[in-house]
Structures are given as structure tokens and as C-alpha cells.
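Hi there,

Here is the structure I promised to pass on. My notes on it follow below; have a look when you get a moment.

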Amino acid sequence: MTSPFAYARATDEQDAVRLAAQPGATFVAGGTDFLPLWKAGLAAPSRVIDIGRLDLDRIEVRDDVLVIGALARLADAAGHPSIRRELPGLAQALLASASPQVRNMATVGGNLMQRTRCLYFRGADFACNKRVPGSGCSAIEGENRQHAILGTSSACVATHPSDLAVALVALGASVRLRGASGERRLALEDFFLLPGDTPERETVLAAGELLVAVEVPRAPRRSAYLKLRDRASFEFAVVSACVAAELRDGRIATIRLAAGGVATRPWRLNACEAALAGARLDDAALRAASALAAEGARPLGGNGFKVELLQRTVHRLLADVLVTPTSP
Amino acid sequence: MSMPNETVEIGLTVNGRSHRLAVPASATLLDVLHDFLALPGTKKGCDMGSCGACTVLLDARRVNACLALAAQQEGREILTIEGVAEGGALHPLQAAFIARDALQCGYCTPGQIMSALGLMAEGGAQNRAIGEAEIRESMSGNLCRCGAYANIVSAIVDAASSPA
């Protein structure tokens, strides 16, 4: 089932982008997502461009942003002193990702680019529009307990699997992309595409374009990530949520919320945010806002439980993070 | 640049010995340990990063050898289970696995030991007590289908609390 590929080691960013311009090329860094896909016949590049040696693994603290190189390992980002101190929600999401072995290999950029864990996508015996465009979706009428209730289309209901992406969206992160014609920067939220009629396209990344860095704004705010899963560790989220908020005088000055395990891309909880902006920190207000978390949800046969689970997850997260008396 | 089916030349150190090898561009580090270096101690379980049987230390950090492309390992230092005992004496962790009966069929054991070595090396863990809950969380990348988990945790507690 596996197909052979050629190998080229990129020497710098420019070289990587140049090598990737040829059709059939794919970037590989940590390899933790690529190799299982390749072994299952779900990726069949003619050429692998090894970007693992590029100078993109540093984590840099600037005045206004924290810059995480795309090749920083998940374990290194999770253990970085500034991330642990200033962005606990990010550190928690990283430590809740995969296993220690995978966290030592997988890169931040690769994690954001990882493909869905939908069983019908991974199982070649089933129709899947993401794997073979136009072939149909086996999950909509199939086993869909794990699938999305938000952002779905008639073509695809697969959940986005990344914990990290959820935390970064809540923290208002941006990504820097490098292509043949230069660099561009956009909000991570806008990096991921809804499946629509083209679920095979998951990000705005153009062919041969390289994700080079993630930028997280620095601000005195609280943050936390809460992940619910079917076993205690090394498991994808059934439901997860991340909050980042600034408190002032007993009120919520600013707040951003995102959810995972429930949507086709990291899901911003706009209705909750609107209800909480300026709100006083009492449980009734948090509970009322949490009830809006699944607004617009379209559950499938097997995943209706995620509506209430998402609401309760958000409430628990807000109560734990905002009401407990810790600084700032 | 290699063409499909062609090989990539790499130099790497395994258990203290340097090797120069011409490996297939798509070979994993796990397959190279088995097929090129005659080191069968590192086990292939799921071959997709889920079970941890293939855990080795790569530049002193635990990784899944089944998820590592051999071609990417130029210049790296690898430690496998075959390199853990020194001068014929078992590593204290290996001795603890035996003393605690921390295995049944033994297939996952090399990966368990390499993962626990990685755990003990992380964050200067030798200098502090590691709690059972922390061990369980940190060993979640290693499955044991015989279910020897309780004794595996005990063996790691023993080894981590004894002077190295």
C-alpha cells in the first residue's frame, strides 16, 4: 500500500520553498502525522522535503508577542518558562496532546497541519470526501459519536483534532506563512477552512507554502485549557475548551473562548464571548453565557450528547479560571 | 536528492557505535535498527505511534522509532534497549523491572524501559521523588496488553528513588 518517495534535505527556508514548488512534494518535520498517513496509503508524495534542520525551532519573547518557531517541539514549547508563566492555557493544551514520545518529535507547525482522526478518513474501505473528493461521507449516517456538531457540511463532519490550535485561537494567535513570493501573516482562526464542498482543503496554505512561525500576543490575562476524553491520557478530545480573559474590578474586561472536539475547525465561541464581555463574575452570569456555547449546533445520530457536554465544559472552565482567587 | 527507491546515506551513532548506512528514503528508524543494524530489541507493535513498543532515546529524549524517518537522523545519537546495561551489569531500572515482576509476555518491556529512562531524565527527575500519578501520566505512551501496569509503576518508583 505504501509508495516509495524521494528525499531531499532543505538547507534553509528559501531552499525548502524552492524544492516544494515541484508537484508531488510534501514537507516533513517531526513525521508523527506524515508517517502514519503514508503507511496507510493516505499520503503518497513523490518527494519528501525534510525541513527538520531549518532554523525555525526557537521560541522568542518580544515586547508584545511570543514568537514560536514552527519547528519548536511540542515538549519544548510546553516547558518554556515564558509559556508556562504567561500562557498556562497554552502549556496545558500542549501537555494534554499525544504522548511524551510524540511531544518530543512533533512540531508546533506540524500539529496545526495534522489531518483529522475520523475513522472513515483513515479506513480506506469507506467513502470519504476528504480522502477521495466526491466519493461521499460515511460518517454522516455511520458511527459518528466522535464527530462534529459545529461547522459541518453535507460533505464532511470530521473534527479538527488539535488541542494546540484551540488554545492558540483562544489566545488570538497569528501564523506567518512563507511562499515563493514572500511572507504573509494571518490570524490562526482564518488559517483553517470550513469543509463546505471541498473538505479536502483544510487550510489556506498554498501549494509549496511553508508555515514558519506562530505569534501569540502577550497581555496580562488568565488562561486555561480543559480537555475531556474517553481515557485519562494519550487520547483526542471528546470536548475541550480554552479561555483567555483579562479581569478588571470584578468584571471581565476582555475574553476569548474556543472549543475543540466539537467542530470541523478550532471553534471560536462568539456568542459566549459577547455575553461575557463586561460581565460581573457571578456564577449565574457564567452559567447563562455557557448555555450559548453550542449555538448553531447540528448534532448527528451519535453525538447529540456533545451539546450539553460542551456547555458544561465551558461553565466548569470559566468557574475554575475566573472565579478562583488567583492573580492577575 | 534521492529518486524513489533510491537510498539516502546517513551517519548516526547507535549505543555508542558510529555507523554509515545507505538507507531507503522511506525507511523508518525502527526498520533500520532491525534490518541494517541487527538490533531486534526495539519492538514493532502498532507501527503507528500508539503503543510505544518501539521507544528509543534520540539525542537523550524518548521517541517512537516507528514515526522517525531514518533519512532524517543524520548525526543523531540513538540509545536502544541493547545499550542500556553497562559492562554486563543491568541498569538499576532493568533490575527493578525484574525485582517487581513488571512484565508478563515481555514484548512491551524494552519500550517501557526506554520510556521510563526518558521520564527519569526529564526535568532532573533523579533529584526528586516522582509520584505514581505523574508516572502513570508520563508513561501513557506505552501500552502493556498483559496489564502489568501496577508493577511497572512500582519498578519506576523504585528506580527513580534509588541513587543512580
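**The sheet in chain B**

Chain B holds an open sheet of five strands in the order 2-1-5-3-4, with mixed pairing. Strands, like helices, are DSSP runs numbered from the N terminus (E, at least two residues; helices are H or I, at least four), and two strands pair if DSSP finds at least two bridges between them. Strand 2 (17-24) and strand 4 (61-64) of chain B stand at the edges with a single partner strand each, so one side of each has no neighbour in the sheet. On average, neighbouring strands are turned by 40° against each other, direction ignored (axes are lines fitted to C-alpha atoms, for helices over the stretch in contact, with angles from 0 to 180 degrees between N-to-C directions).

This is a predicted model: local features need pLDDT of at least 70 and side-chain atom pairs pLDDT 80 or more, while totals for chains, interfaces and linings use all residues. Residues are numbered from 1 along each chain as its sequence is written, with chains lettered from A and ligands numbered from 1 in the order written.

Strand 3 (residues 55-58) of chain B pairs with strand 4 of chain B in the antiparallel sense over four bridges, and B:T55 stands opposite B:N64. Across both strands lies helix 3 (residues 109-121) of chain B, at about 35° to strand 3 of chain B.

**The two domains**

An automatic or database assignment gives chain B domain 1 (7-83) and domain 2 (92-161). Their contact (C-beta atoms, placed from the backbone, within 7 Å) takes 14 residues from domain 1 of chain B and 13 from domain 2 of chain B. Strand 3 of chain B gives the most to the domain 1 side, with three residues.

Best wishes

How values were computed: Contact = placed C-beta atoms within 7 Å.
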